[in-house]
Amino acid sequence: MRLAWSSDVHLNHVALPAWEDWVGEIRSAGADALLISGDLSEADDVVFQLRRIAETFDVPTYFVLGNHDFYFSSIGDTRRQVASVAREHSRLEYLTDVQPINLGNESYLIGDDGWADAIHGDFENSPVRLNDFPAIADFSESPPSTWQQTMRRLGRESADRLSDKLAMLSSSARQILVTTHVPPYREACLYDGKPANDDWAPFFICAQVGEVLHRFALDHPHIELTVLCGHTHHAGEVSVLANLKVLVAAAEYGKPRPERVLCVG
């Protein structure tokens, strides 16, 4: 199977010519499916964009959501709406909401939105505050003193869902693609080739997802895990263990593009 992978496409910022270029690149790649690792748009537009994608491509679209997809709504409301539209369209698979997908030849695809969980770095003393806080109701409707706790809870929930999905897999699995929005390791969270410093790390790494994947990889050395993520807009590739690597997609507002075509199965 050939998967055309994009991330952080931010389709609400994309003019028609750039949209058509993106569609053309994916079609010309001869992909059997499209994979998007979050930040499709914003909450008031993401369902429209998903329907648009489903009507444009005649192959399945596997996806997770990123932080921007919840802007101007709440996380729970957005996930419910997205899960509902994905259930209506046979070509849409919201990975956070579905069980592992068998890609053939003992290869599987799992995913979860993920969330930067403020474990790495220095959240309390960082001058960085993302637009997530005023733009997402889970934060804007709560005092700042609760934000770090909320981030850690969201990261833990993502890690738990991924742990459950990993436990569903057959012991004969040989390859697993894990799609999430936020890099799970600091060494994979790159800006101009350098890992995130203590100011930025709290907002760009989901350490709890990283712990789950690291533990699974150690316990299953015969299984190859490849993590596909975005969020940083800077490309990166890191081998964490012999059987665990992380690929991070680059992105530019207004110019979506396939990061690469992955051959699996």
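1. A hairpin of two residues joins strand E11 to strand E12. E11 covers residues 236-241 and runs antiparallel to E12, with five bridges between them. Within this pairing, Leu241 has Leu244 of E12 as its bridge partner. Two strands are said to pair if DSSP finds at least two bridges between them. Helices (H or I, at least four residues) and strands (E, at least two) are DSSP runs, numbered from the N terminus.

2. This is a predicted model, in which local features need pLDDT of at least 70 and side-chain atom pairs count only at pLDDT 80 or more, while totals for chains, interfaces and linings use all residues. Residues are numbered from 1 along each chain as its sequence is written, and side-chain values use heavy atoms, with hydrogens and water left out.

3. E12 (residues 244-248) also pairs with strand E10 (residues 224-229); these two run parallel and are joined by five bridges. Leu225 has Leu244 as its bridge partner in E12. Four of the five residues of E12 are buried. Buried means under 20% relative accessible area, exposed means over 50%, and partly exposed lies in between (1.4 Å probe, protein chains only).

4. Another group of five strands forms an open sheet with mixed pairing, in the order E4-E3-E2-E1-E13. Its edge strands, E4 (92-94) and E13 (260-263), each pair on one side only. On average, neighbouring strands of this sheet are turned by 25° against each other, direction ignored.

5. Which sense of pairing do E1 and E13 show? E1 (residues 2-6) pairs with E13 in the antiparallel sense, over four bridges, and Trp5 has Arg260 of E13 as its bridge partner. E2 (residues 33-37) and E3, by contrast, pair in the parallel sense over four bridges. Here Leu35 stands opposite Tyr62 in E3.

6. In a regular strand the side chains alternate between the two faces of the sheet. In E3, Thr61 and Phe63 on one side and Tyr62 and Val64 on the other are all buried, and both faces of the strand are covered. Helix H3 (residues 75-88) lies across E3 (61-64) and E4, at about 145° to E4.

7. Helices H1 (residues 16-28) and H2 (residues 46-56) pack at an angle of about 45°, with their axes 12 Å apart. Axes are lines fitted to C-alpha atoms, for helices over the stretch in contact, and angles run from 0 to 180 degrees between N-to-C directions. H1 and H2 are therefore oblique to each other; angles under 35 degrees count as roughly parallel, over 145 as roughly antiparallel, 65 to 115 as roughly perpendicular and the rest as oblique. The contact (heavy atoms within 4.5 Å) is made by Leu16, Trp19, Trp22, Val23 and Arg27 of H1 and Arg52, Ile53 and Thr56 of H2.

8. Is Asp112 buried or exposed? Asp112 has 0% relative accessibility, so it counts as buried. Asp112 is found in the loop between E6 (107-111) and H4 (132-135). Leaving aside neighbours within four places in sequence, the contacts of Asp112 include Val64, Arg161, Lys165 and His181.

9. His10 is buried, with a relative accessible area of 1%, whereas Phe72 counts as exposed at 59% relative accessibility.
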